[in-house]
Amino acid sequence: MKKPATASIIVINYNYARFLPYSIESALAQTFPHVEVIVVDDGSTDNSRDVIAGYGDRVRPVLKKNGGQGSAFNAGFEVATGEAIFFLDADDAMLPETVERELLDHMIALGE
């Protein structure tokens, strides 16, 4: 039996504490069952890290010094375990079926 596909959603944040809950909640609300949510904080000086901590073990935090968006993407990618990777800026959100639809479209395209 084939192992189910997994996906990692990497939320990138820098000083967007006011938007961060909406973004994280949208990642956690995916209809696809095998999703990990990684939140990378790129050295924020607002209360972003408190917001992230409030999610406990529902998200995987990556807390780093400020290095810019590229380094934040890389830090999240480094710890991701999913076969499919989705990047999400902290001031954006995903529809609940985003991961499921994208993976289904990919499987159809591959003839699986």
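A: A bit of bookkeeping before the charges: Lys and Arg count as positive and Asp and Glu as negative, with His and the chain ends not counted. A charge is placed at NZ of Lys, CZ of Arg, CG of Asp or CD of Glu. By that count the protein has 9 positive and 17 negative side chains, and the centres of the two sets lie 5 Å apart. This is a predicted model, where local features need pLDDT of at least 70, side-chain atom pairs count only at pLDDT 80 or more, and totals for chains, interfaces and linings use all residues. Residues are numbered from 1 along each chain as its sequence is written, and side-chain values use heavy atoms, leaving out hydrogens and water.

Now for helix 1, residues 20–28. Helices (H or I, at least four residues) and strands (E, at least two) are DSSP runs, numbered from the N terminus. Its buried residues (under 20% relative accessible area, 1.4 Å probe, protein chains only) are Leu20, Ser23, Ile24, Ser26 and Ala27. They sit on the same side of helix 1, because they cover an arc of only 160° around the axis, taken from the directions from the helix axis to the C-beta atoms. An α-helix has 3.6 residues a turn, so residues three or four places apart point the same way. The buried residues of helix 1 pack against strand 1 (7–13), strand 2 (35–42), helix 2 (48–53) and strand 4 (84–89); contact means heavy atoms within 4.5 Å.

Stepping back, the protein has four helices and four strands, and along the sequence they follow β-α-β-α-β-α-β-α. Buried residues make up 39% of the 112 residues.

Conventions. Buried means under 20% relative accessible area, exposed over 50%, partly exposed in between (1.4 Å probe, protein chains only).
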